[in-house]
Amino acid sequence: MKDIARELGVSVATVSRALQDSPLISPEQRERIKSYAREHNFIPNVVAESLRRSRVAPQKIIGVIVPQIAHYYFSTILSGMEEEASAHGYSIIAAQSAEQYEREVKICESFLGHRVCGVIVSQAKDTFRYEHFQKLLDNHMPIVFYDRICTGLNTSRVVVDDYQGAFTAVTHLIQTGCRRIAFYGSGMQLEISKNRYNGYRDALLKNGLTPDPSLHLECDNRADAEALTPSLLRRPDRPDAIFAVNDDTAIGILYTAKHMGLRIPDDLSICGFTNGERAIACDPMLTTVEQRGRRLGIEAIDILLDHVEGRLTPGAVERRVVKTRLIVRGTTRGAKSET
């Protein structure tokens with residue numbers, strides 16, 4: 001193989017992949033290398049190849065990076081991934097970044113060292129650099145992003161329809177009589193935060209309402225919601241509804257508002273985004289946007305296997321969107337569920 005590589009001006013790795021019909025090598029390049037090998041009576045050393053594969057060949061194991069394994073939404077995604085991977089003879093290894101860039105980098109290095117066949121990842125909130133992901137791609141390890149995608153790399157991805165989910169939820173609030181609607185969201189460096197905010201803003205504008213910047217708070221967890229909400233609700237021009245980026249934040253708002261003596265939904269309507277188990281464990285039960293995490297996990301596995309098994313050509317990118325659904329419950333007015 002070294003002789004072939006030298007004569008054709010390519011790497012030994014390229015020769016090896018071409019002789020194994022790897023989809024990572026173009027059909028033209030594969031045929032060029034295989035033709036040269038035939039003309040020069042190249043016969044692969046089966047024993048050596050077997051030993052090489054036992055050391056470094058990718059296994060039928062998929063690496064998955066999760067920001068928070070304990071989070072209901074991510075746990076449902078993992079469930080869908082495991083179910084779909086198992087159905088195709090693959091296993092998954094899940095590692096938690098705990099929303100930390102440094103841990104994310106180490107996990108990528110570990111996956112590379114263990115020669116997983118591909119990586120599925122939802123990036124940490126504080127990830128602003130992407131060299132660790134690029135290193136995986138440089139080593140011919142396919143990546144599929146889910147939920148929180150990396151816009152700095154042209155890779156396959158699967159997301160829920162964050163924009164439409166937010167647009168539908170805020171439209172529901174407006175149609176039930178709300179006019180001053182606050183938005184609690186994550187940092188705008190995340191694509192999902194931008195999309196949900198844009199859905200919120202566009203629903204206001206479409207219905208003749210002007211977005212108020214003072215009603216846009218950076219808050220995406222229950223503790224912060226309980227700390228920030230009292231001052232917002234004590235304002236003389238307080239909101240009559242709040243749309244939150246996730247259910248935990250919405251439940252923190254609900255808990256605080258009730259302890260301040262407000263009636264839900266008469267004085268304040270609240271809508272979340274997830275539809276986790278906690279949404280039906282609070283009183284009143286939470287109106288929320290259902291994300292369908294299990295479906296997203298299945299789609300992510302299917303895309304990755306298309307890369308791994310050669311159904312997607314080298315360099316091809318697959319992008320899929322999972323539809324959301326608004327579930328109307330007791331924290332907003334109106335009794336009928338909407339889609």
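This is a predicted model: local features need pLDDT of at least 70, side-chain atom pairs count only at pLDDT 80 or more; totals for chains, interfaces and linings use all residues.
## Helix H9

Helix H9 covers residues 191–206, 16 residues in total. Its first and last C-alpha atoms lie 22 Å apart, close to the 22 Å expected at 1.5 Å a residue.

The buried residues in H9 are Ile192, Ser193, Arg196, Tyr197, Gly199, Tyr200, Ala203 and Leu204. These residues are on the same side of H9 because they cover an arc of only 155° around the axis. After H9 comes Gly208, with a positive phi near 75°.

## Helix H5

Helix H5 runs over residues 72–87 and also has 16 residues. At 1.5 Å a residue it should span 22 Å, and its end C-alpha atoms are 23 Å apart, so the two values agree.

Buried in H5 are Tyr73, Phe74, Thr76, Ile77, Leu78, Gly80, Met81, Glu84 and Ala85. Glu84 and Arg196 are among the buried residues of H5 and H9, respectively. Just after H5, Gly89 has a positive phi of about 85°.

Most residues other than glycine have a negative phi, and most peptide bonds are trans. The model contains departures from both patterns, taken in turn below.

The bond from Ile264 to Pro265 is cis, and its omega is near 10°. Pro265 sits in the loop that joins helix H11 (247–259) to E9. The bond from Asp283 to Pro284 is likewise cis, with omega near -5°. Pro284 is found in the loop between E9 and strand E10 (287–290).

Glu99 is not a glycine, yet its phi is positive, at about 65°. This residue lies in the loop between strand E2 (91–96) and helix H6 (101–113). Is Glu99 buried or exposed? Its relative accessible area is 14%, and buried means under 20%, so Glu99 is buried.

Arg115 also has a positive phi, of about 55°, without being a glycine. Its place is in the loop between H6 and strand E3 (118–121). Arg115 has a relative accessibility of 27% and therefore counts as partly exposed, a class that lies between the buried limit of 20% and the exposed limit of 50%.

How values were computed
Residues are numbered from 1 along each chain as its sequence is written. Side-chain values use heavy atoms; hydrogens and water are left out. Helices (H or I, at least four residues) and strands (E, at least two) are DSSP runs, numbered from the N terminus. The expected span of a helix is 1.5 Å times one less than its number of residues. Buried means under 20% relative accessible area, exposed over 50%, partly exposed in between (1.4 Å probe, protein chains only). The arc is that of the directions from the helix axis to the C-beta atoms.
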